[in-house]
Amino acid sequence: MPVHPPTPADLLIVAQRVVLPDGERAAMIAVRGGRISEIHALPDGRAPAPRAAQPEALAVVTLAPDEVLIPGLVDTHVHGNDPGHTDWEGLPSLTAAAAAGGITTVVDMPLNCIPATVTPAAVRDKRDACAVPAVDVGMWGGAVPDQLGELPALLGAGVHGLKAFMIDPGIDWFHALETDQGLRTAMQACAAAGVPLLVHAEDAAEAAAAPPPSATRYLDLVRSRPPACEVRAIERLAALSAETGARVHVVHVSAAEAVEALRVAQAAGIAISGETCPHYLALAAEEIPDADPRFKCLPPIRGRHHQDALWAGLTDGTLSMVASDHSPAPWALKATGNLATDWGGISSIQVSLPVTWTAARGRGVPLGQVVDWMSSGPAALAGLPGKGTIAVGCDADLVALAPDATFTVDGAALLHRHHQTPYEGRELHGVVRRTWLRGALVDPAAPHGTWLMRDPATHQPTGPAASTPTTSCP
């Protein structure tokens, strides 16, 4: 029996391969009002039969044989630096690059913008000051020592959770919560609001005891932040999570020992999760040249056995997701080659999917698993139930990906503001050919992204792009 297109629809997408929650298969996706209204399996792989009553305005898109339809990715660790530091990035360039890389939702970190997102007024300022983004945007609030009394009000202003550092981030207006009492206060606020506390988990005392980095040697940078920094921080966070009942999420896990510390805490029933990043999964210290600040980030990129442990942690669920930690800065702050003083951070949002997928396919990891780590996993962390999944009721955020096609990274062609990249000249698999946000093709020249703000009363995102999905949407 032929499959007929549904009559009430704005868009139909037909693909031989669609990444669905229960696996990959040929399917037809119907979109109505920006949401997925129906999903029809195509057992024989053929396009749907026409129906005489079909509205003339209906658009039908059939993906090429080498393309896979995947959900729009969700990146919950980006530094947009907007407002106040748009010479570093800015949401227009950040979100244009995100869309070009198959990412349809980002959640922005609170520290590099001015003012930092640590008060309700700063939340309002951020929304009012920023231009319309190319994709949907949420924001994390910041937990800093001199604003701990503001945390309940900050969480009531619509942020999706809080971000804290356990070590000085090097920013005058965003200080670390180095004491257990400060972390405890932040966790208590998050537990009361039902949101996670995201933590840059490096213990300041362990870092102070390590040898300082040299000006040029990359391995000296690695030794300056040994795995013990992450392990001790995770142990402290786990104890405080058990005490407060807060959900804690460790960002950019880089060390094998840190994965094991998370594994032990999770086995004890503690609500602590972790993420890693494309650069830790694809790059290794053994291949990084000295005096090249394109590779500098903290925690640092470590050796291959750490990389292997990160992949194992993703595979067994100890690590729940992959996020870019897109962290740009003007090249003048990075160009001296002094690894002790140059600004750290890797700009990679546009290539985060191809970098991760290229490394994954070399290890025999299927595409669907990579998509889960970069879509539904981050969406769950940020409390975005209508994002990151191809299911009825979810936003029609969709990507046509050619997973076997290759391209060579040319930093000058990337859409984020600063083009220096550690992936320059690398051949990567995975070409994003089209990106839809709520059923409409993304066009950075005519952006239609919106802010996704959390409603503290319902714990659901609000806004035109994020009304509560139907119960069919996971």
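In strand S10 (162–165), Lys163 stands opposite Leu198 of strand S11 (residues 197–200). Strands here are DSSP runs (E) of at least two residues and helices are DSSP runs (H or I) of at least four residues, numbered from the N terminus; two strands pair if DSSP finds at least two bridges between them. S10 and S11 run parallel and are joined by four bridges. The structure is a predicted model, in which local features need pLDDT of at least 70 and side-chain atom pairs count only at pLDDT 80 or more, whereas totals for chains, interfaces and linings use all residues. Residues are numbered from 1 along each chain as its sequence is written, and side-chain values use heavy atoms, with hydrogens and water left out.

Both strands belong to an open sheet of six strands with parallel pairing, in the order S9-S10-S11-S12-S13-S14. Its edges are strand S9 (141–142) and strand S14 (321–322), each of which pairs on one side only.

Antiparallel pairing is found among strands S1, S2 and S3. Strand S1 (residues 11–20) is joined to strand S2 (residues 23–32) by eight bridges, and the two form a hairpin with two residues between them. S2 is in turn joined to strand S3 (residues 35–41) by six bridges. Ile29 of S2 stands opposite Ile13 and also opposite Ile39 in S3. The hairpin of S2 and S3 likewise has two residues between the strands, and Gly33 there takes a positive phi near 60°.

The largest nonpolar core holds 98 residues, of which Ile70, Leu237 and Ile272 touch the most other members. Such a core is a set of buried Ala, Val, Leu, Ile, Met, Phe, Trp, Tyr and Cys residues joined through side-chain atoms within 4.5 Å; buried means under 20% relative accessible area, exposed over 50% and partly exposed in between (1.4 Å probe, protein chains only). Beyond its neighbours within four places in sequence, Ile70 is in contact (heavy atoms within 4.5 Å) with residues including Val19, Leu353, Ile390 and Asp397. A second, separate core has 21 residues, among them Val74, Phe165, Ala323 and Ala382.

His306 lies in helix H10 (residues 304–316) and counts as buried because its relative accessible area is 7%. Leaving out residues up to four places away in sequence, His306 touches Pro227, Ser254, Ala255, Ala256 and Glu257.

Points are joined across faces, edges and corners, and a volume is the space filled by probe spheres set on the points. The largest pocket has a volume of about 490 Å³. It is lined by 28 residues, and Pro169, His200, Leu298, Trp343 and Gly344 are the closest to its centre. S10 and helix H9 (278–282) each supply at least two residues of this lining.

Of its 13 lining residues, Ala329, Lys334, Gly345, Ser347 and Gln420 are the closest to the centre.

Key: 1 Å grid on protein atoms, 1.4 Å probe; cavity = no way out; pocket = protein on both sides within 12 Å on 5 of 7 lines; lining within 4 Å.
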